[in-house]
Amino acid sequence: MQSNSTKLLLKKHPKATNSYVIKGGKPLKGEVVVQGAKNAALPALVAASLSDETVELKNVPLELNDVNNLLALLREVGVKIEIKDENTLTLNGEGWRSSELDPNIASKIRHSLLLLGGSVTKDCSLYLPLAGGCEIGERKHDLHVLALENMGHDVIESGEGIRVIPDLNDDVDHTEIEFYYPSFGATLNVIFASVLCSGKITTLKNAAKNPEVLDVIHLLEQMGAIFNWKDESTLEIIGVNKLNGTSHQVMSDRIIVSTMIAAIAVTKGNGTIIGGNATVLETEVATWRKAGLIIQQKENGLFVDGNNKIKPVNIETKAYPGFHTDIQPLHAAIMLRANGTSKIKEMILDGRFLYCEELNKLGAKTKIENGDFTCVNGAKGQIAIINESPPLIGVLNLIATDIRGGAAVVLASLAANGISEITNVYQIERGYSDLPELIQTLGGNVQRK
Ligand SMILES: CC(=O)N[C@H]1[C@@H](OP(=O)(O)OP(=O)(O)OC[C@H]2O[C@@H](n3ccc(=O)[nH]c3=O)[C@H](O)[C@@H]2O)O[C@H](CO)[C@@H](O)[C@@H]1O
Ligand SMILES: C=C(OP(=O)(O)O)C(=O)O
């Protein structure tokens, strides 16, 4: 049942519209500040809710559709949430209770999955209707389920959802789990399920160690959780009996930093992304420097000059610190300017190239080929071939297929001559609080319609 408070939180994006209208052809220039990271904020909301004391989170992109949906689910499980200002909120998980979640909300986001780990650590059962997220290929959850089972909890799966019943009272004091792939979400679920298991140690081999996971670990450490990295990818979690209140600032969004680098690059502009940090984008920045972009780390952020010729550079997506799958559509937008053919081999998720058809509507010459490899999700992999494209021309029938694919199409429209319109921008607004405003700050012309 949807409570009144849930309904209130599910209000539409304050500036929500169905489409963006873009007048392209103008170099983006100036300075822009990016928001807090969605993919660090979502797990931070769950982590903060594990304490019976109040935790303050700052720099949370509260306008995002995904953040609002997760907050609605946290309210459903009994977490008290107070919004302090446009990017700050407090959470108190003292009232966390056993729950059956609303399928209409849970199925809209991928990281409703994290409530499984959160619930068991709070000794509460949970029924989670199947999680959603971007439709970018099959998004499996076997590692989440296996990990919870290894830890002794009962997990009952049906075609419609997952029920978890915690069992914290067994005599096992050490659980060892090994992942075949360093899944971001499943690593977080193991962390959440283990932090409050006082007297127990959980060792996770092949854990994800990307900056967003480290940001959440940092928050939990401030709350009193204990972690040891035994080697580069083995994480030991020593359960504690209580987590404290604290205050934490969510890291800034490296995918949006990449989006702004690409926006400057495709329009042959120059500018600074305030707060941009090349150390969390090492592979991507090295790739773009190789392509000819000037990217300099300054004290206040990343300076980008996109005026040089762009050379084609092939990439292959991999777990961190490899090239991020969420950033490959933005790389494709940059490669539209290259003087030759480049390739993107998508190793993590099949179905991440839907945006290429949209780029072609603008005149790009991209093609998708079947690869002779299997993606992490077990599906046959694909390669995008990006041929040198003629000057792009704006069109009015573009669709945002998913968050990052949608952003890539907005960027390509900025490089096109004339007017473009992109619909289904709900998808973009799952991950970008206000992409039009970011672009307008750099002098670009994107309007909501
Ligand atoms: C909210 C959030 O932060 N989402 C990010 C997170 O998603 P998410 O947490 O879903 O990503 P994972 O790292 O878990 O998934 C990566 C791959 O592993 C597969 N897999 C995952 C779990 C599992 O139990 N079994 C399994 O096979 C998935 O199908 C996928 O092919 O990382 C993805 C990969 O970097 C990004 O695209 C998403 O933006
Ligand atoms: C794929 C993404 O998110 P999600 O996992 O929430 O679908 C993304 O942030 O690009």
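How many bridges join strand E18 to E19, and do the two run parallel or antiparallel? There are 2 bridges between E18, residues 315-316, and E19, and the strands run parallel. Before going on, please keep in mind that this is a predicted model.

Stay with that pair for a moment. Glutamate 316 has lysine 345 of E19 standing opposite. Between the two strands comes helix H11, residues 328-335, and together E18, H11 and E19 make a right-handed β-α-β unit. The helix itself is mostly covered, with 8 of its 8 residues buried. Among them are Gln328, Pro329 and His331, along with Leu330 and Met335.

Now the other partner of E19. Strand E21, residues 380-387, pairs with E19 in the antiparallel sense, over 5 bridges. Lysine 343 has isoleucine 385 of E21 as its bridge partner, and lysine 345 has isoleucine 383.

In general, strands of a sheet pair through backbone hydrogen bonds, in either a parallel or an antiparallel way. Here the pairing is mixed: the 4 strands form an open sheet, in the order E18-E19-E21-E20. E18 and E20, the latter covering 365-374, are the edge strands, each pairing on one side only.

Next, the ligands. Ligand 1 has 23 residues around it, and those that come nearest are Asn39, Leu143, Ser183, Gly185 and Asn377. By class, the shell has 9 nonpolar, 8 polar and 6 charged residues.

Why does ligand 1 lie between domain 1 and domain 2? Because both domain 1 (11-35 + 252-448) and domain 2 (38-249) give residues to its shell.

Ligand 2 also draws on both domains, with at least three residues in its shell from each of domain 1 and domain 2. The residues surrounding ligand 2 include Lys38, Asn39, Asp66 and Arg110, as well as Asp326, Ile403, Arg404 and Gly431. H2 and helix H13 (403-415) are the elements that give two or more residues here. The shell around ligand 2 has 4 nonpolar, 3 polar and 5 charged residues.

Last, one residue. Isoleucine 177 is part of strand E10, residues 174-178. Is isoleucine 177 buried or exposed? Isoleucine 177 has 23 C-beta neighbours inside 10 Å, so it counts as buried; the cut-off for that is 20 or more. Beyond its neighbours within four places in sequence, isoleucine 177 is in contact with Ala147, Asn150, Val190, Thr202, Leu204 and Lys205. Leucine 130 is 47 residues from isoleucine 177 along the chain, and their C-alpha atoms are separated by 23 Å.

I will take questions now.

Conventions: Residues numbered from 1 in each chain as written. Chains lettered and ligands numbered in written order. Predicted model: local features only at pLDDT ≥ 70, side-chain atom pairs only at ≥ 80, totals over all residues. Near = placed C-beta within 6 Å. Nonpolar A, V, L, I, M, F, W, Y, C, P; charged D, E, K, R; others polar. Domains from an automatic or database assignment. Pairing = 2+ DSSP bridges. Right-handed = clockwise from strand over helix to strand, strands pointing away. Buried ≥ 20, exposed ≤ 12 C-beta atoms within 10 Å, placed from the backbone. Contact = placed C-beta atoms within 7 Å.
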